[in-house]
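Colleague: Could you take me through this model feature by feature, giving the general idea and then the case at hand?

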Amino acid sequence: MKAQTFTITAETGVHARPATLLVNKAGQYDSEVEVSYKGKKVNLKSIMGVMSLGIPKGAEIEVIAEGNDEEEALNGVAEVIKEHLGE
């Protein structure tokens, strides 16, 4: 299992467009990929799950990947977050 914490710096937080980018990226991997925010954990391959978290600007999220390509999955999701949502 690999995990990494990120801070969302995008003004609009995780709204539909960046959430779709995250879901699409997570879907490219065999590993289970989850995002955790305020004690709730959802499948990062589910747009409804991600949107249900209502992640605002300034939020700290944790992305957890577990499986045979977990490192690649975490790195791929991290790239999307850094490019579109924060650090």
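Modeller: Helices and strands here are DSSP runs numbered from the N terminus (H or I, at least four residues, for a helix; E, at least two, for a strand). This is a predicted model, in which local features need pLDDT of at least 70 and side-chain atom pairs count only at pLDDT 80 or more, whereas totals for chains, interfaces and linings use all residues. Residues are numbered from 1 along each chain as its sequence is written, and side-chain values use heavy atoms, with hydrogens and water left out.

Colleague: How many bridges join β2 to β3, and which residue stands opposite V35?

Modeller: Two strands are taken to pair if DSSP finds at least two bridges between them. Here four bridges join β2 to β3 (residues 40-43), and the two strands run antiparallel. V35 has V42 of β3 opposite it.

Colleague: Is S36 buried or exposed?

Modeller: In a regular strand the side chains alternate between the two faces of the sheet. S36, which is placed in strand β2, is buried because its relative accessible area is 16%; buried means under 20%, exposed over 50% and partly exposed in between, with a 1.4 Å probe and protein chains only. Leaving aside residues up to four places away in sequence, S36 touches K41, E60, I61, E62 and I64, a contact being heavy atoms within 4.5 Å.

Colleague: Which residues of helix α1 are buried, and what covers them?

Modeller: An α-helix has 3.6 residues a turn, so residues three or four places apart point the same way. In α1 (residues 16-26), the buried residues are P18, A19, L22, V23 and A26. Seen down the axis of α1, these buried residues fall within an arc of 140 degrees, so they line one face of the helix; the arc is that of the directions from the helix axis to the C-beta atoms. The cover over them includes β2 (32-37), α2 (47-52) and α3.

Colleague: How many salt bridges does the structure hold, and where are they?

Modeller: A salt bridge is counted when a side-chain nitrogen of Lys or Arg lies within 4 Å of a carboxyl oxygen of Asp or Glu. The structure holds two. In one of them, the side chains of E71 and K2 meet at 3.6 Å, N to O; since E71 lies in helix α3 and K2 in strand β1 (residues 2-7), the pair ties together parts that are 69 residues apart in sequence. E71 is partly exposed at 43% relative accessibility, and K2 is partly exposed at 33%. E11 also forms a salt bridge with K57, the closest N and O atoms being 2.7 Å apart. That pair links the loop between β1 and α1, where E11 lies, with the loop between α2 and β4 (60-66), where K57 lies, 46 residues apart.

Colleague: Which residues line the largest cavity?

Modeller: Rolling a probe the size of a water molecule over the atoms shows where empty space is left. On a 1 Å grid over the protein atoms alone, a cavity is a set of points where a 1.4 Å probe fits but cannot get out, and lining residues have an atom within 4 Å of a point. One cavity of 30 Å³ or more is counted, and about 50 Å³ of space lies in the largest cavity, the volume being the space filled by probe spheres set on the points, which are joined across faces, edges and corners. Its lining consists of V14, L22, V35, L44, V50, I55, I61, V63, V77 and I81.

Note on methods. 1 Å grid on protein atoms, 1.4 Å probe; cavity = no way out; pocket = protein on both sides within 12 Å on 5 of 7 lines; lining within 4 Å.
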